[in-house]
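Subject: Structure handover

Hello,

Here is the structure you asked about. Please open it first, then read my notes below.

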Amino acid sequence: MNLTNFRFETDADGIALATWDMPGRSMNVITPEVMDELAQIVDAVAGDEAIKGCVVTSGKDNFSGGADLTMLQGLGREYERMRAEQGEEAAMRHFFEESRRLSLLYRKLETCGKPFAAAVSGVCLGGAFELALACHHRVLSDDDKTRVGLPEIKVGLFPGAGGTQRVARLMQTGDALQMLFKGEQIRPLMAKNMGLAHAVAPKDEVVASAKAWIKGGGSAVASWDVPKFKAPSGKVYSPAGMMIWPPANAIYRRETHDNYPAAKAILTSVYEGLQLPMDLALKVESRYFAKILRSNEAAAMIRTLFISMGELNKGARRPKDVAPTSVRKVGVVGAGFMGAGVAYVSANAGMEVVLLDQSVEAAEKGKAYAHKLVTNQINKGRAKTADRDALLARIQASADYADLKDCDLVIEAVFEDPKVKAEVIGKVEAVIGADVIFASNTSTLPITGLAKASGRPEQFVGIHFFSPVEKMMLVEIIRGEGTGERAIATALDYVRAIKKTPIVVNDSRGFFANRCVTAYLLEGHKMLLEGVPPAMIEAAGRMAGMPVGPLSLNDEVALDLGLKIAKATEAQLGPEAVDPGQKQLLVELVENQGRLGRKNKKGFYDYPEGAPKRLWPGLKGLQPTRLDPDSVDVEELKHRLLVVQALEAARTVGEGVVTDPREADVGSILGFGFAPFTGGALSYIDFMGAEAFVGLARGLEAKHGARFSVPDNLLRMAEAGGTFYGDAAQQAA
Ligand code: NAD
């Protein structure tokens, strides 16, 4: 055999061991070469009488992360090329055959006549876990790092190498669908309880355990290939099946609003596949897989949520000339809601933290937040008491600025007041080292303005977290006019260390994410004032693909904050900078009705104790007119909610706030949940086509006003037939 990605050896008992260990890579991935070599291994095991069976394992810390998604992207390009050269039918046939190679290979392994066992430690996901599922026996290591799962749905795909069929034959249909829809990573014991693995063993015994199973006469026939096999939930067309499928359809609709073709393909693959013998079932799955692989949703999600996010996490925007920095000790000034979260995520990443507030009591209160968060982790079995002790020992609560003197980075999260911030900047700079970077977590104040209070504007940068800090994965790094490259690099290195995703944006009011999200909230207010039933506004937001409706989101952000920002904007930019109807609505809610949002359990919603929130019935009284729901065009509501955000994103590009489309897309999904199936706010425009988008926006502008006007950069792009990504690539070249 000619192997470079596997080692292959046979022991004295005649049991082969195929160790997957790709040279020059930290993680095994499925590539065409890996498929070729695995096929050779299957042939060798099947064809050699002296070999009893084979164990597949990994020579690395992890088993494998699955298929190389860039390979799948390449398949799409090849399809387009063939279609242009040889026509649709030939291209489709080629695409179908290529996209099912892995499925056929795994089936060949499963039916080759010799028993295969997978010995898994570390991460084993996607196509790699489908390989394990095709093996007749699976042993998982019991260590803390081992995880299995089929996360394809998260990038708009589904497990198309037998995953849907094998999982649906291993467990109850409802559980299988849930596993495939959620795409979660599953711990070893849980996997065993779910029927996904046969045994759990200590890390250094997984191979021996798998070999022992073969030696003990493990069967080379999968249970579903045994005549009279019965699926755990029985037949699809049966009383039991009728208890499963109608609700499964309803849940699918409720969760996806039909926006995710891959989720629908899971449902249909399992539904149709369970009625067929395995080979045919796999063919059905392959057909859906080929279709989904060519969908815009998969292309958009793979690009943004896998490729771009990976690139940004690895420092795609980091200034190349600055040597790597390391933040060992970070100062956090302001131990309120945000500061407490920043202290926790920093300490959690192993950094020493000085958490400073006006009094030691206030700082201790911020530290108590970290205590609460780790305790929650302990209660969920995800951390140990010793972890909590160690983490809390790393946070020093203080009211003395002198304690900041050894910090490598200081982040302020004090009140959103330029005067308070200026005073803090002065006090901090008086004690920290001359080359230490100072960052502000301001959400609205331009960094360039704040930097005027600094004696070292080059070392002054914005590090804008989202709330709650411990959950939100995005961090905006803001470059003020005077910000130097070392400040940007340090901020990026810090964000990488706390394992969040950074985007680098230029200074502007609201930076990137808050500008777009404000447009979403305003659109919800506009709809309310037009007389659209509030429940319809909220449903339209979710149907458009947003995680929550605009009124709900506004409650989370706090209504008084919105009003405060509107007033500050009016004071600085003049009355035309705010929408008078919106201001009046917020004044009524906040000042006259005392409704501040979720924080005081009264906002657009009421939050009764121990019951789900519900829309405040008094909203009707705030609507000058009320429309008949049947007269409202829901599709138009959905378009308004996405288009208004995408236009704002396009403006940030036109103004040079965002300079890389990857950042706008990743930032819009991670920062405010912009409909993930679109691939983000700019991909939404790119995949629709700029010309079509401009047409849509113009129609909305004619009906609803200037906030839908198309910025010049987008008009030019539409006229030239360009895309944000195409234009960015051209500029880079
Ligand atoms: P907060 O009111 O909860 O906390 C502010 C803290 O700063 C308080 O504990 C206060 O005692 C302390 N403080 C005030 N003056 C101080 C001083 N001179 N020295 C030391 N400590 C002082 O506010 P927050 O919501 O945590 O916001 C803090 C900053 O983060 C603001 O700039 C805000 O714009 C920004 N931000 C907030 C959010 C959010 O969702 N709340 C999101 C992103 C950014």
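First, a definition for the pocket search. On a 1 Å grid over the protein atoms alone, a pocket is an open set of points with protein on both sides within 12 Å along at least five of seven lines, whereas a cavity is a set of points where a 1.4 Å probe fits but cannot get out; lining residues have an atom within 4 Å of a point. Grid points are joined across faces, edges and corners, and the volume is the space filled by probe spheres set on the points.

The second largest pocket holds about 670 Å³ of space. It is lined by 18 residues, and R147, Q185, I186, R187 and R382 are the closest to its centre. Two elements, α7 (173-182) and α8 (188-194), each give two or more residues to the lining. The largest share is 4 residues, from α7.

A word on the model. It is predicted, so local features need pLDDT of at least 70 and side-chain atom pairs count only at pLDDT 80 or more, while totals for chains, interfaces and linings use all residues. Residues are numbered from 1 along each chain as its sequence is written, and side-chain values use heavy atoms, with hydrogens and water left out.

Next, the helices. Helices (H or I, at least four residues) and strands (E, at least two) are DSSP runs, numbered from the N terminus. The expected span of a helix is 1.5 Å times one less than its number of residues.

Take α13 (residues 296-313). Its 18 residues should span 26 Å at 1.5 Å a residue, and its end C-alpha atoms are 24 Å apart, which agrees. α13 bends by about 30 degrees at R303. The bend is the angle between axes fitted to the seven residues ending there and the seven starting there. Buried residues of α13 include M301, R303 and L312. (Buried means under 20% relative accessible area, exposed over 50%, and partly exposed in between, with a 1.4 Å probe and protein chains only.) What do the buried residues of α13 pack against? Their partners include α2 (69-86), α12 (278-293) and β18 (501-506). Contact here means heavy atoms within 4.5 Å. After α13 comes G315, with a positive phi near 95 degrees.

Now α19 (residues 485-497). It has 13 residues and reaches 18 Å from first C-alpha to last, close to the 18 Å expected. Among its buried residues are I488, D493 and Y494. The elements covering them include α14 (337-348), β14 (409-412) and β18. K499 follows α19, and its phi is positive, near 60 degrees.

Most residues other than glycine have a negative phi, and most peptide bonds are trans.

- S467 and P468 are joined by a cis peptide bond, with omega about -5 degrees. P468 is in the loop between β16 and β17.
- H257 is not a glycine, yet its phi is positive, about 50 degrees. It sits in the loop between α10 (239-256) and α11 (261-273). H257 is partly exposed, at 28% relative accessibility.
- A558 is not a glycine either, and its phi is positive, about 95 degrees. Its loop runs between α22 (550-557) and α23 (559-573). A558 is buried, with a relative accessible area of 6%.

Last, the record. An unreviewed UniProt entry places "domain: 3-hydroxyacyl-CoA dehydrogenase NAD binding" at residues 329-507. That span is 40% helix and 22% strand. UniProt's "domain: 3-hydroxyacyl-CoA dehydrogenase C-terminal", also unreviewed, is at residues 510-607. This span is 65% helix and 2% strand. UniProt positions use the numbering given here, feature names are shortened, and annotations may be inferred rather than shown by experiment.

Best wishes
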